[in-house]
Amino acid sequence: SFTSQDRITAYPRAEKVLEYGVSCDAKRYLSAGGSIHLVPDSLTAAFPFDYLELDKYVCRQLSVGTAATEFIRTPDGSIYMMDQGQKRPIGSMSRFAELDPSGTGFLNVSSRFGASIPTGSAM
């Protein structure tokens, strides 16, 4: 997409740096894998990001992917369970299957995304 410099200059400057949490129309999303993923209210505390409110124009330009779950996977193949602002390592696929019996799956995230969340004890 292309836009004019006037449009860019017209944007107000945010007081905080944009991380992985964004908000559109009062809904929270995570940015991962080239799209945004709805964060259910039950998982808001699990993902310790500031959710920066974006304007309607920007929100309409974003691709919405599947909703976030309580599990993330980093590029090295590690799977974590998100728990109160920490990522907790899961040691094996069999343990992951025990923790996710309904098969909700995980959200693929970048290394930087994963590194921005404190690591807790193993599951």
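The largest pocket of the protein holds about 400 Å³ of space. In this analysis a pocket is an open set of points, on a 1 Å grid over the protein atoms alone, with protein on both sides within 12 Å along at least five of seven lines; grid points are joined across faces, edges and corners, and a volume is the space filled by probe spheres set on the points. The structure is a predicted model, in which local features need pLDDT of at least 70 and side-chain atom pairs count only at pLDDT 80 or more, while totals for chains, interfaces and linings use all residues. Residues are numbered from 1 along each chain as its sequence is written, and side-chain values use heavy atoms, with hydrogens and water left out.

The lining of the largest pocket comprises 15 residues, and those nearest its centre are Tyr11, Pro12, Leu54, Asp55 and Val58; a lining residue has an atom within 4 Å of a point. Strand 4 and helix 2 (56-61) each supply at least two residues of this lining, and helix 2 gives the most, with three.

The protein as a whole contains four helices and eight strands. From the N terminus on, their order is α-β-β-β-β-α-β-β-β-α-β-α. The C-alpha trace spans about 55 × 25 × 25 Å along its principal axes. Of the 123 residues in the protein, 34% are buried, where buried means under 20% relative accessible area, exposed over 50% and partly exposed in between (1.4 Å probe, protein chains only). Among contacts with a separation of 6 or more, 69% are between residues 24 or more positions apart; contact means heavy atoms within 4.5 Å.

Five aromatic pairs are present in the structure. Rings of Phe, Tyr and Trp (its six-membered ring) pair if their centres lie within 6.5 Å, and planes under 30 degrees apart count as stacked, over 60 as edge-to-face and the rest as tilted. One of these pairs joins Phe49 and Phe113, whose ring centres are 5.1 Å apart and whose planes stand at 65°, so the pair is edge-to-face. Because Phe49 lies in the loop between strand 3 (35-38) and strand 4 (51-53) and Phe113 in helix 4 (residues 111-115), the pair ties together parts that are 64 residues apart in sequence. Both residues are buried, Phe49 with a relative accessible area of 8% and Phe113 at 1%. The rings of Phe96 and Phe106 have centres 5.9 Å apart and planes at 55°, so this pair is tilted. Phe96 belongs to helix 3 (residues 93-99) and Phe106 to the loop between helix 3 and strand 8 (107-108), so the parts tied together are 10 residues apart in sequence. Phe96 is buried, at 8% relative accessible area, whereas Phe106 is partly exposed, at 29%. Ring pairs also link Tyr20, Phe49 and Phe113 into a cluster.

Charged groups are also found over aromatic rings. A charge sits over a ring if NZ of Lys or CZ of Arg is within 6 Å of the ring centre and within 35 degrees of the ring normal. Arg28 lies over the face of Tyr51, 5.8 Å from the ring centre, and the charged end of Lys87 sits over the ring of Tyr80, 5.5 Å from its centre.

Lys87 is also among the contacts of Met81, which, leaving aside neighbours within four places in sequence, include Glu70, Phe71 and Met123. Met81 is placed in strand 6 (residues 79-83) and counts as buried at 14% relative accessibility. The C-alpha atoms of Met81 and Ser121 are separated by 10 Å, although the two residues are 40 residues apart along the chain.

Most residues other than glycine have a negative phi. Ala26, however, has a positive phi, near 65°. Ala26 lies in the loop between strand 1 (21-24) and strand 2 (27-32) and is exposed, with a relative accessible area of 71%. Gln84 likewise has a positive phi, of about 50°. Gln84 is placed in the loop between strand 6 and strand 7 (86-90) and is exposed, at 62% relative accessible area.

Terms used
1 Å grid on protein atoms, 1.4 Å probe; cavity = no way out; pocket = protein on both sides within 12 Å on 5 of 7 lines; lining within 4 Å.
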